[in-house]
Amino acid sequence: MTYEAMSADIHLFLNQLHLNRCVLIGHSMGGKTAMVFALQWPELVERLVCVDISPSQTKDISGFQNYIAAMKAVDIPRGIPRSTARRMAEEQLRPTIQEPTILYFLLTNLVNAEDQFVWRVNLKAISQHLNDIMSFPDFQTSYLGPTLFLGGSKSGYISSSNYPEIKRLFPEAEIQHIPDAGHWVHADQPQEFITAICNFIALHPR
């Protein structure tokens, strides 16, 4: 669960698809993974879009650690219907996760395996690599291709304090914020999100 490992997954995936260039778009952790990939293999990335994330430490502004702890603590008995299991998980998570968008997104990872409801994501691996996930690898290189950092105006994940590091690693970066959007930009303002990306791609043709 390091960004270098996840970047290598993207590299393998592109090879499997026989793609030698791509427009890479990533949100949050996916955005950090996309940044690392572009910095490691810039020749494979035609354009880069990082959604509500920057190449910086996010521990102080993210509730991610609390979400993982709450998910690990969920206790659901065997042999109950899915609707009951989901309701029990929701009740146990709600004291920690009040934001409905985040809560319901996390509940999509609840699956039935051998008559037992478990989390689809590997909570053990995530817990062991929380420091890696919350930070960003050290790079002395830069990605010189067209780059868009697209944040939500109600989110603190891309702030003015991040701009120097963004510009160091991504000198051609544009930074935009979508009004009335939080961290889940694509869910909060889907049409504005799509429009911003389409405009960025149109301004930077092949």
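Guide: A pocket is an open set of points on a 1 Å grid over the protein atoms alone, where a 1.4 Å probe fits, with protein on both sides within 12 Å along at least five of seven lines. This is a predicted model: local features need pLDDT of at least 70, side-chain atom pairs 80 or more, and totals for linings use all residues. Residues are numbered from 1 along each chain, and side-chain values use heavy atoms, without hydrogens and water.

Visitor: What is the volume of the largest pocket?

Guide: About 640 Å³. A volume is the space filled by probe spheres set on the points, which are joined across faces, edges and corners.

Visitor: What makes a residue part of the lining?

Guide: An atom within 4 Å of a point. For the largest pocket, 28 residues qualify. S28, M29, F64, F105 and W184 lie nearest its centre.

Visitor: Which helix gives the largest share of that lining?

Guide: α3, with four residues. Helices are DSSP runs of H or I, at least four residues, and strands are runs of E, at least two, numbered from the N terminus. α3 spans 64-73.

Visitor: Which residues of α3 are called buried?

Guide: F64, Y67, I68, A70 and M71. Buried means under 20% relative accessible area, exposed over 50% (1.4 Å probe, protein chains only).
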